Amino acid sequence: MKSFTLALPRWMPHRAGQHYDIRLTAEDGYRAQRSYSIASAPQREGEIDLTVELVENGEVSTFLHQSAVAGDRFEVRGPIGGYFVWEAAQGGPLLLVGGGSGVVPLMSMLRHRAAAKANVPARLLYSSRSYDDIIYRDELEGLAARGDGFELFHTLTRSQPAGWKGYARRIDDRMLGDVSRVFGAKAMTFICGPTALVENAANALTNLGLRPERIRTERFGPSGT
Ligand SMILES: Cc1cc2nc3c(=O)[nH]c(=O)nc-3n(C[C@H](O)[C@H](O)[C@H](O)COP(=O)(O)OP(=O)(O)OC[C@H]3O[C@@H](n4cnc5c(N)ncnc54)[C@H](O)[C@@H]3O)c2cc1C
């Protein structure tokens, strides 16, 4: 994973959960465009952070990881999206479920919540492959340590360090029940990550009684991943 800060000459405030499209144009005119969620809080003026996972043989993520250097200029369009968004004024409780880089727009929501000093009850269930794959690990721990109503739940699906106290399997119905039960049916829910994780979690939460109209989803990767 790499995070990039983009200075925007015509900055406008985004809503947490929105994304930008980045378009790259090669010297021969070939173009590639991909979407990247905004990781930073809307309260930060003039610039945004994007966090990009290196996808094997991926055109745009490989360029950003291996060729982009500080000072480069990019063609961007945004902020985009009006559905997968949360503003502190909407209240909560806020249930966030993320897998891998799917945590990026959820991080924007948590950074926004902290910057707004909103103490809306919030929980993040975050699935990573291993301890070292946890994105924003220290910052998330710091947010959870503030004691302002945010609680963090990790699951590590491939390997766990000695003494690991979090979950150690893929997100499943029982895990979602454990994490969501305290909020009841009214939780405002955002699920983001690989398609399979998103679909399974949304179905499980609906079966657990959460109101479908309060469950919002965003899929990052191709189906089956
Ligand atoms: C709304 C939205 C927001 C997004 N936000 C982020 C973000 O914040 N951070 C981020 O890293 N990505 C994000 N993505 C995914 C991103 O847009 C690209 O799909 C991703 O970076 C891969 O692009 P690429 O050009 O490197 O790979 P491509 O050249 O498009 O694909 C190369 C190969 O990798 C597979 N592949 C493509 N995407 C993925 C993936 N996500 N996981 C696994 N395999 C994949 C393809 O099927 C193909 O086989 C977002 C997607 C959407 C729709």
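Which residue in β10 is the bridge partner of Phe190? It is Arg216. Keep that pair in mind while I walk you through the chain. One caution before we go on: this is a predicted model.

Strand β9 covers residues 188-193, and strand β10 covers residues 215-219. The two pair in the parallel sense, over 5 bridges. Between them in the unit comes helix α5, residues 195-207. Together, β9, α5 and β10 make a β-α-β unit, and that unit is right-handed.

Stay on β9 for a moment. Met188 lies in this strand. Is Met188 buried or exposed? Count the C-beta atoms: 21 others fall within 10 Å, so Met188 is buried. The cut-off for buried is 20 or more. Now look at what Met188 touches. Leaving out residues up to four places away in sequence, the contacts are Trp86, Gln90, Gly92, Pro93, Leu94, Leu95 and Arg214. Also check Ile215. Met188 and Ile215 are 27 residues apart along the chain, yet their C-alpha atoms are separated by 6.4 Å.

Gly92 and Pro93 are joined by a cis peptide bond, with omega about -5°. Pro93 sits in the loop between β5 and β6, where β6 is 94-99. There is another cis bond to show you. It runs from Gly78 to Pro79, with omega near -5°. Pro79 has its place in strand β5, residues 75-80.

Next, the overall layout. The protein is divided into domain 1, residues 2-80, and domain 2, residues 88-219. Their centres, taken over C-alpha atoms, are separated by 24 Å. The contact between them takes 11 residues from domain 1 and 12 residues from domain 2. On the domain 1 side, the touching residues divide into 5 nonpolar, 5 polar and 1 charged.

Now the ligand. How many residues surround the ligand? There are 22. The closest are Ser37, Gly58, Val60, Ser61 and Gly221. Both domains take part: domain 1 and domain 2 each give at least three residues to the shell. Which elements supply at least two residues each? Those are β3 (31-37), β4 (47-52) and α1 (59-66). By type, the shell around the ligand has 7 nonpolar residues, 11 polar and 4 charged.

One of those elements, β3, has a partner to look at. Strand β2, residues 19-25, pairs with β3 in the antiparallel sense over 7 bridges. Asp21 stands opposite Ser35 in β3. The two strands form a hairpin, with 5 residues between them. In the turn, find Gly29: this glycine has a positive phi of about 95°.

Take Asn57, with a phi of about 60°. Asn57 is in the loop between β4 and α1. Why does Asn57 count as exposed? Because only 12 or fewer neighbours are needed for that label, and Asn57 has 6 other C-beta atoms within 10 Å.

Then take Tyr136. Here too phi is positive, about 60°, and the residue is not a glycine. Tyr136 lies in the loop between β7 and α3, with α3 at 137-144.

Last stop, Ser128. This serine is found in strand β7, residues 122-128. Ser128 has 20 other C-beta atoms within 10 Å, so it is buried. Its contacts, again leaving out residues up to four places away in sequence, are Gly100, Asp133, Ile134, His154 and Leu156.

To close, back to where we began. Phe190 has Arg216 as its bridge partner in β10, and β9 and β10 pair in the parallel sense.

Conventions. Residues numbered from 1 in each chain as written. Predicted model: local features only at pLDDT ≥ 70, side-chain atom pairs only at ≥ 80, totals over all residues. Pairing = 2+ DSSP bridges. Helix = DSSP H or I, 4+ residues; strand = E, 2+ residues; numbered from the N terminus. Right-handed = clockwise from strand over helix to strand, strands pointing away. Near = placed C-beta within 6 Å. Nonpolar A, V, L, I, M, F, W, Y, C, P; charged D, E, K, R; others polar. Domains from an automatic or database assignment. Contact = placed C-beta atoms within 7 Å.
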